[in-house]
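Here are a few friendly notes to read alongside the structure. Please keep it open as you go through the points.

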4 protein chains.
Amino acid sequence: MRQYGNPRLLAPNTCNRYNASPMTEQSQFTLPVRVYYEDTDAAGVVYYANYFRFFERCRSEWVRSLGYDQRQLAREHDIVFVVRGVSADYLKPARLDDLLSVHLSVVDVGRARATLSQRVLRENELLVDGTVRLVCVSAANMKPKSIPDWLRAQLEPRS
Amino acid sequence: MRQYGNPRLLAPNTCNRYNASPMTEQSQFTLPVRVYYEDTDAAGVVYYANYFRFFERCRSEWVRSLGYDQRQLAREHDIVFVVRGVSADYLKPARLDDLLSVHLSVVDVGRARATLSQRVLRENELLVDGTVRLVCVSAANMKPKSIPDWLRAQLEPRS
Amino acid sequence: MRQYGNPRLLAPNTCNRYNASPMTEQSQFTLPVRVYYEDTDAAGVVYYANYFRFFERCRSEWVRSLGYDQRQLAREHDIVFVVRGVSADYLKPARLDDLLSVHLSVVDVGRARATLSQRVLRENELLVDGTVRLVCVSAANMKPKSIPDWLRAQLEPRS
Amino acid sequence: MRQYGNPRLLAPNTCNRYNASPMTEQSQFTLPVRVYYEDTDAAGVVYYANYFRFFERCRSEWVRSLGYDQRQLAREHDIVFVVRGVSADYLKPARLDDLLSVHLSVVDVGRARATLSQRVLRENELLVDGTVRLVCVSAANMKPKSIPDWLRAQLEPRS
């Protein structure tokens with residue numbers, strides 16, 4: 001997976017960054033998302049909180065692509081992933097009718113937690129660059145719980 | 001509480017309607033609501049679905065003003081009100097930074113249901129005129145259930 | 001496009017209603033919508049206002065399927081459709097992870113307005129039955145404006 | 001305004017963290033926010049993206065408390081603040097009917113940017129601890145622009 005935090009790659013306008021650091025890594029999952037009126041605000045752009053909704057749609061479809069859905073993980077495996085922390089850099093705004101792609105790649109998996117890189121692009125232009133930290137908890141008592149091996153194997157970053 | 005149905009204050013194209021159905025009832029509850037970026041869309045106005053969020057904030061604060069909260073009604077009295085139907089006429093748009101007042105009055109109460117009139121005004125200008133039909137259900141099985149007399153007495157329209 | 005109004009497929013308590021008003025028209029456009037956490041509320045179901053977001057996604061994709069997008073209609077043709085009124089009956093709740101289909105059919109087209117029937121189904125089960133009234137306005141001054149003939153031809157109900 | 005960083009008031013598992021980074025600054029602005037159904041999700045808690053809506057309501061009311069509104073800043077002073085980055089740690093969940101307080105304090109002000117600490121508390125319990133980075137841009141061309149001195153004086157952290 002690419003190293004995207006390299007400060008040398010960061011340039012004020014962010015353009016160089018993505019030229020200089022071609023997207024050689026794999027995104028482990030990508031979801032197309034269309035921008036509708038509901039997503040925008042009076043400034044004419046996507047409202048900043050709504051990118052986290054796009055991130056979550058992407059995570060949900062990723063889990064589904066692995067063969068699970070979240071209700072089933074909770075009911076049959078007593079597993080819920082809760083968001084423990086997020087960050088996002090807003091580089092360029094998305095607008096009404098834009099077709100975006102929302103990307104997810106696993107950065108790190110621990111005993112009971114995982115860190116994801118999540119990004120929003122329009123064509124090859126990076127709009128939002130985010131990180132989401134998840135904790136695996138028991139659906140029954142909401143206490144942290146080890147990610148089972150069969151699931152961990154599917155989550156791990158690809159090299 | 002103020003009388004907000006004064007037809008002279010309504011736009012010409014809505015006058016007849018309100019003359020034909022004179023507003024003799026009073027608004028039983030009013031909640032001030034400020035418009036933030038989250039409420040608006042790229043057309044520069046409040047997104048049409050979001051008025052229903054304002055309606056629901058108003059209903060929640062109305063129930064609280066009667067001395068209950070919704071979690072308590074569910075837990076202690078096995079009562080949940082669910083929305084069975086809505087309608088809304090959008091007369092004029094609200095905009096960023098507007099201070100709105102959201103009004104509620106009970107139109108009709110049946111054995112297990114109630115109909116509310118809900119309106120959004122900016123000063124004396126009627127922006128949205130809505131109706132919400134609620135059904136009282138059991139929190140345990142979600143089946144319709146009579147509104148208890150002690151609660152019905154508080155809900156009934158004032159004349 | 002599929003016929004979704006077959007009364008035999010509707011739940012028993014909704015049959016009479018749809019027999020009384022037989023669905024002879026066809027759904028002119030259908031959009032699949034997945035239910036994510038963002039759409040649900042603490043009652044475990046899709047929040048009532050959010051069905052209007054689904055309705056609008058469906059209208060936007062329908063316009064796109066006709067060969068336009070909304071920014072282009074505004075910029076090149078000085079046309080914006082604004083919502084003048086809505087109604088919805090909530091028959092059954094949708095839940096997290098449900099795959100819904102959102103339907104649209106044109107009921108009526110006037111000089112400067114159109115009425116749409118919009119529905120949400122899960123498989124063959126009707127969950128929400130709504131109506132949306134639109135007015136065609138000038139993007140420049142927001143005053144009502146005739147729907148141009150070339151567009152009206154595409155909007156009209158199919159028989 | 002109250003001192004909310006008192007480590008004794010924080011839950012045990014968050015103490016060390018705040019001891020390590022002592023909160024000597026005061027909260028410059030606090031907004032009470034009630035949790036409604038619209039804010040929650042099917043997990044029974046406030047949806048993670050919605051805390052950013054609460055943050056923005058707080059910023060908007062803070063600007064208003066300084067004597068401005070955002071439309072006026074744009075129109076009369078050609079100033080818009082855009083969000084360049086955010087982060088949030090989710091420590092404990094908020095639930096339906098909770099009365100929260102949303103806090104804002106200025107951490108740092110640069111030529112054309114400002115960093116805010118934003119927090120959500122329920123009574124003395126810290127639920128969400130966030131940071132928002134703003135850039136001041138021209139409303140006309142959206143390019144970065146120096147924060148005028150008269151405004152900077154009002155933004156600066158209080159010691």
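1. A word on terms before we start: two strands pair if DSSP finds at least two bridges between them. Helices (H or I, at least four residues) and strands (E, at least two) are DSSP runs, numbered from the N terminus. This is a predicted model, in which local features need pLDDT of at least 70, side-chain atom pairs count only at pLDDT 80 or more, and totals for chains, interfaces and linings use all residues. Residues are numbered from 1 along each chain as its sequence is written, while chains are lettered from A and ligands numbered from 1 in the order in which they are written.

2. In chain B, strand E3 (residues 99-109) and strand E4 (residues 113-122) run antiparallel and are joined by 8 bridges. Within this pairing, B:His103 has B:Arg119 of E4(B) as its bridge partner.

3. These strands belong to an open sheet of 10 strands with antiparallel pairing, in the order E1(B)-E3(B)-E4(B)-E5(B)-E2(B)-E2(C)-E5(C)-E4(C)-E3(C)-E1(C). Strand E1 (29-34) of chain B and strand E1 (29-34) of chain C are at the edges with a single partner strand each, so one side of each has no neighbour in the sheet.

4. Now to chains A and D: their contact (C-beta atoms, placed from the backbone, within 7 Å) takes 13 residues from each of the two chains. On the side of chain A, E2(A) gives the largest share, 8 residues.

5. E2(A) and strand E2 (residues 79-90) of chain D run antiparallel, joined by 5 bridges. Here A:Gly85 stands opposite D:Asp89.
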